[in-house]
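Reader: Please show the sequence and the structure, so that some questions on its surface and its side-chain contacts can be settled.

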Amino acid sequence: MPRQKGVHSPYFSLSVTMVLWGSAFSSSKSVVEQVPHSVAALLRFGGAALALLVALALFGGGIGATGGARTGRGGGRPKTSPRVAGRAALAGVLGVFAYNGFFFWGLSLAPSLDAGILIPVMSPVLTSLLLLVTGRERASGIRVAGLGLGLAGAALFFAGAGGSTHGDVSRLAGDALFLLSAVCWAAYTLAGRRVLSGIDPLRATTYATCAGAVLLAALAAPDLPRVEWGELPPGLWLNAAYLALGAAAVANLLYFRGVGAVGPASASLMMFTVPVVNTVCGTLFLGETFGAVQAAGALVLLAGAVLAALQGRLTRRAAAPRLPVREHPARERPAGERARPGQREQSGARPLSGEREGAEGTARQ
């Protein structure tokens with residue numbers, strides 16, 4: 001199957017996802033500063049759930065449990081079993097509810113710059129670690145060194161969060177919550193391919209987002225009466241709309257498609273572009289800064305994460321078997337012409353196993 005290029009490439013989809021996610025940290029922080037963190041999470045994913053339900057009704061063949069490629073004489077869509085739909089919903093409990101519960105709670109305590117470093121950089125480290133622990137990938141000296149370097153960088157980053165000029169117990173607690181978010185996202189990424197088995201990405205994303213949004217609504221219920229809805233500025237609603245439509249609905253859909261096409265390890269490798277976008281947005285729009293120790297820890301963490309994730313990708317490529325390339329004969333015989341008795345092929349290449357004389361004239365794919 002030819003690889004897709006340009007806007008149809010899974011890496012293009014993942015790149016768009018990372019830009020949307022990178023800008024979402026500072027946008028989410030601005031929402032958290034005006035409403036409780038549980039309400040901010042609900043605004044983001046409650047809106048995303050509504051948008052995805054509309055998209056599913058318009059482009060996914062309806063909200064009922066059907067999906068996948070068209071099959072059968074009638075051209076209909078195969079049924080999505082309750083087990084497959086439930087698997088997608090359970091993934092939403094982990095990747096939407098748990099992840100964002102910790103994430104928005106952490107934003108109420110720490111700057112968005114911390115979230116934009118810890119979550120996207122620790123996620124590949126934890127993904128690689130889980131792949132090794134579960135035996136799905138091989139360990140190597142370079143990869144283990146990368147994981148160790150990444151964990152050391154995270155420890156240095158936490159030390160800087162507690163001892164910087166802006167650091168206090170609140171910021172340290174917020175960073176710990178960001179780390180829990182990264183754990184949830186790593187597990188969510190690893191579950192991505194299994195979730196996509198037997199269900200299309202739009203439907204899987206919708207089920208996951210709706211399941212997470214329902215739980216986020218239950219979490220936010222006690223805080224909803226405390227919000228002065230009529231006094232909220234228009235900027236908050238613009239941010240909430242961007243987070244719901246762009247950073248949640250579109251980004252999660254593109255991410256699911258990317259994971260299904262290139263795998264969780266390669267998809268998580270793309271997360272390294274998020275800190276760049278987040279740092280630009282956080283410093284430009286919110287005036288947030290790093291301490292010197294935190295900046296050093298972020299660099300060490302990033303170097304270790306890249307080494308660990310990239311080494312795993314290179315190891316898989318090196319281990320992939322190479323298929324033998326068949327040489328073309330020097331002269332093609334017309335179709336149906338048989339070789340004369342005793343005549344030898346001029347190419348010197350041995351015929352494939354089970355190939356008959358005169359088969360060189362058949363069409364090649």
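Reader: Is Val276 buried or exposed, and at what relative accessibility?
Author: This is a predicted model, in which local features need pLDDT of at least 70, side-chain atom pairs count only at pLDDT 80 or more, and totals for chains, interfaces and linings use all residues. Residues are numbered from 1 along each chain as its sequence is written, and side-chain values use heavy atoms, with hydrogens and water left out. Buried means under 20% relative accessible area, exposed over 50%, and partly exposed in between (1.4 Å probe, protein chains only). Val276 therefore counts as exposed, its relative accessibility being 54%.

Reader: Which residues form a nonpolar patch on the surface with Val276, and what is their accessible area together?
Author: Patches are made of residues with over 30% relative accessible area and no salt bridge, like charges being joined within 9 Å and nonpolar side chains (Val, Leu, Ile, Met, Phe, Trp, Tyr) within 5 Å. Areas come from the Shrake-Rupley method with a 1.4 Å probe, and for residues only the protein chains shown count as cover. Val276 forms the patch with Val280, Leu284 and Phe285, and together they have an accessible area of about 440 Å².

Reader: Which residue meets Arg171 in a salt bridge?
Author: A salt bridge is a side-chain nitrogen of Lys or Arg within 4 Å of a carboxyl oxygen of Asp or Glu, and the structure holds 3 of them. The link spans distant parts of the chain, 57 residues apart, from helix α6 (residues 169–190) to helix α4 (residues 112–133); helices (H or I, at least four residues) are DSSP runs, numbered from the N terminus. At 2.7 Å, N to O, the partner of Arg171 is Asp114.

Reader: In the salt bridge of Arg226 and Asp223, which residue is buried?
Author: The closest N and O atoms of this pair are 2.8 Å apart. Arg226 counts as exposed because its relative accessibility is 55%. With a relative accessible area of 18%, the buried residue is Asp223.

Reader: Why does the pair of Trp21 and Tyr255 count as tilted?
Author: Rings of Phe, Tyr and Trp (its six-membered ring) pair if their centres lie within 6.5 Å; planes under 30 degrees apart count as stacked, over 60 as edge-to-face and the rest as tilted. A search of the whole structure finds 10 aromatic pairs. The ring centres of Trp21 and Tyr255 lie 4.9 Å apart, and the pair is tilted because the planes stand at 55°.

Technical notes:
Helix = DSSP H or I, 4+ residues; strand = E, 2+ residues; numbered from the N terminus.
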